[in-house]
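Here are my notes on the model you sent over. Have it open while you read.

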Amino acid sequence: MKASRKIFIILMAAFSSAAIFIACSKDKSDVSAVPPGQQRVSLYLSDDPALFDKVLIDIQSVKVLVDTSSADSLDHRHHDRDCDDGRDTSVIWQDLAIRPGVYDLLTLRNGADTLLAAGNIPQGKIKRIKITLGANNSLVKDSVSYPLHLMRGDSVITLKLYGHEFDEYLTGQLQLWLDFNVGKSIIKVRNGEFYLKPFIRMFIMKATGAIEGKITPWDAYAVVSVYNATDTAYAIPFRDGKFKVRGLAPGSYTVFVNASNGYQDTTITDVTVNAREETELPKIELHK
């Protein structure tokens, strides 16, 4: 009787393990499966910050323009025109799933991001990304809230692509990061009002690298600039002093720490960035 009970327990354990394995395998296959003739697109939103408390952007929809014609059939005119006039049936707009609403861009800095939009679309080259903004845009500076006005025609952000920008990290699955440059996107006019002129740069992880580090003390209110002859990016450390700048093309950079409150600025030169790598700087301690 005891032997039979032992065999029963072993068989049940084996069955449970097999069931868990099958369930996990099914979950993974469900996540990674893409229907035939389609590809899955994921767009991530991140932020290149500026000196505001909050920057609240109302994002209502995201769609992509897909060219489903074969590469061999494309001529230069087909590549260069917008291809969205409805006359070419091989070029179609596809909506992506999105959580519409207000996004605080300043929470998406120092390596943080959020999945903005995703969906299965027909196979082909993605030629445009179109982001539609709502009217509920604002910013907070020095604890005061201000409306963030849209200039005429800027309620729709259209990003032009050439078909090779996405990272195919798995077969049929594409991803791309949209880095919203707040410093370049917000314009303050003479009457003290703020306007939004969206400026977004795109990057993928496999072709770019990052610089990260930690700056103390907190009350230096440091602003980090990472630059070379062709590129400039910014970071504002979190309260613990940590910062990260992503989406940097491989090369050599200078890191400039602009300090306030009586602390001295600091410059670090010849910082090497490699694709797929995060270059960590020694701890930066600022002094008065």
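The points below go from the overall fold to the salt bridges and then the pockets.

1. Ground rules. This is a predicted model, so to speak of local features I need pLDDT of at least 70, side-chain atom pairs count only at pLDDT 80 or more, and totals for chains, interfaces and linings use all residues. Residues are numbered from 1 along each chain as its sequence is written, and side-chain values use heavy atoms, with hydrogens and water left out.

2. Overall make-up. The protein chain has three helices and 23 strands (DSSP runs numbered from the N terminus: H or I of at least four residues for helices, E of at least two for strands). Of its 288 residues, 41% count as buried; buried means under 20% relative accessible area, exposed over 50%, and partly exposed in between, with a 1.4 Å probe and protein chains only.

3. Contacts and surface. Take the contacts (heavy atoms within 4.5 Å) between residues at least 6 apart in sequence: 75% of them join residues at least 24 apart. The chain exposes about 16100 Å², with carbon and sulfur atoms supplying 53% of that (Shrake-Rupley method, 1.4 Å probe; for residues, only the protein chains shown count as cover).

4. How many salt bridges does the structure hold? There are seven, counting a side-chain nitrogen of Lys or Arg within 4 Å of a carboxyl oxygen of Asp or Glu. One of them joins Arg246 to Asp113 at 2.9 Å, N to O. Arg246 sits in strand β19 (residues 242–248) and Asp113 in the loop between β5 (101–104) and β6 (114–122), so this pair ties together parts 133 residues apart in sequence. Arg246 is buried at 13% relative accessibility, while Asp113 is partly exposed at 29%.

5. Lys244 and Glu278. Strand β19 also carries Lys244, which pairs with Glu278 in strand β22 (residues 278–280), so parts 34 residues apart in sequence are tied together. Lys244 is buried, with 18% relative accessible area, and Glu278 is partly exposed, with 47%.

6. Lys206 and Asp167. Here the salt bridge spans 3.6 Å, N to O. Lys206 is in the loop between β15 (200–203) and β16 (209–216), and Asp167 is in strand β11 (residues 167–170), 39 residues apart. Asp167 is buried at 7%; Lys206 is partly exposed at 35%.

7. Largest pocket. On a 1 Å grid over the protein atoms alone, a pocket is an open set of points where a 1.4 Å probe fits, with protein on both sides within 12 Å along at least five of seven lines, and lining residues have an atom within 4 Å of a point. The largest has a volume of about 460 Å³ (the space filled by probe spheres set on the points, which are joined across faces, edges and corners). Which of its 24 lining residues are closest to the centre? They are Leu51, Arg109, Trp218, Ile236 and Pro237. The lining divides into 15 nonpolar, four polar and five charged residues; Ala, Val, Leu, Ile, Met, Phe, Trp, Tyr, Cys and Pro count as nonpolar, Asp, Glu, Lys and Arg as charged, and the others, Gly among them, as polar.

8. Second largest pocket. This one holds about 170 Å³ of space. Of its 13 lining residues, Gln39, Gly124, Gly163, Glu168 and Leu174 are the closest to the centre. Strands β1 (38–48) and β7 (125–133) each supply at least two residues of the lining, which divides into three nonpolar, seven polar and three charged.
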